[in-house]
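Please read the points below with the sequence and the model open beside you. They are written as a colleague's note.

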Amino acid sequence: MTGIEIAGLLKDYGPWGAVALLALALMAVVSWWRECMNARIEDAGRAATALERAASANAAAATALDDVREGQMEIARLVTQAMKGAEGSDELTKELLRDIKRGLDARGGHHG
């Protein structure tokens with residue numbers, strides 16, 4: 001509203017009209033602010049839920065990786081035992097077991 005329009009309203013409705021208009025404007029601003037805050041609270045809730053789900057997924061992935069590492073270490077242990085038990089047997093079998101062990105070691109498995 002321009003100053004001329006406000007002056008016209010004051011002339012037509014007096015100071016009580018201006019107070020009523022001010023109250024209506026204030027109610028509109030408070031309503032808009034409340035909606036804005038509610039939207040922010042909802043956004044924060046959605047973000048918290050997404051973070052919680054991501055943390056849960058990360059924990060599950062870490063557990064799965066630990067299981068894979070444990071499996072690799074067990075395979076490496078069994079290969080090492082098989083290599084020790086294969087001493088004096090077929091040279092091709094020993095070479096294949098060495099290849100498997102080297103592959104596991106290269107992937108970060110158990111050394112030994």
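**Notes on the helices, salt bridges and surface**

1. K101 and D105 both belong to helix 2 (residues 91–106), where they sit four residues apart, about one turn of the helix. A helix here is a DSSP run of H or I with at least four residues, a strand is a run of E with at least two, and both are numbered from the N terminus. K101 and D105 are joined by a salt bridge, with 3.0 Å between the closest N and O atoms. The term salt bridge stands for a side-chain nitrogen of Lys or Arg within 4 Å of a carboxyl oxygen of Asp or Glu.

2. This is a predicted model, in which local features need pLDDT of at least 70 and side-chain atom pairs count only at pLDDT 80 or more, while totals for chains, interfaces and linings use all residues. Residues are numbered from 1 along each chain as its sequence is written, and side-chain values use heavy atoms, with hydrogens and water left out.

3. Is K101 buried or exposed? K101 is buried, because its relative accessible area is 13% and buried means under 20%, exposed over 50%, and partly exposed in between (1.4 Å probe, protein chains only).

4. The chain has two helices and zero strands. Of its 112 residues, 12% are buried. Its accessible surface is about 8900 Å², and carbon and sulfur atoms account for 65% of that. Such areas come from the Shrake-Rupley method with a 1.4 Å probe; for residues, only the protein chains shown count as cover.

5. How many salt bridges does a search of the whole structure find? The search finds five. One of them joins the side chains of R46 and D43, at 2.4 Å from N to O. Both residues lie in helix 1, three residues apart, about one turn of the helix. R46 is exposed at 52% relative accessible area, whereas D43 is partly exposed at 43%.

6. D66 and R69 form another salt bridge, their closest N and O atoms being 3.0 Å apart. D66 and R69 are three residues apart in helix 1, so about one helical turn separates them. D66 counts as partly exposed at 38% relative accessibility, and R69 counts as partly exposed at 45%.

7. L21, L24 and M27 make up a nonpolar surface patch with about 310 Å² of accessible area together. Patches take residues with over 30% relative accessible area and no salt bridge, joining like charges within 9 Å and nonpolar side chains (Val, Leu, Ile, Met, Phe, Trp, Tyr) within 5 Å. M27 lies in helix 1 (residues 3–85) and counts as exposed because its relative accessibility is 56%.
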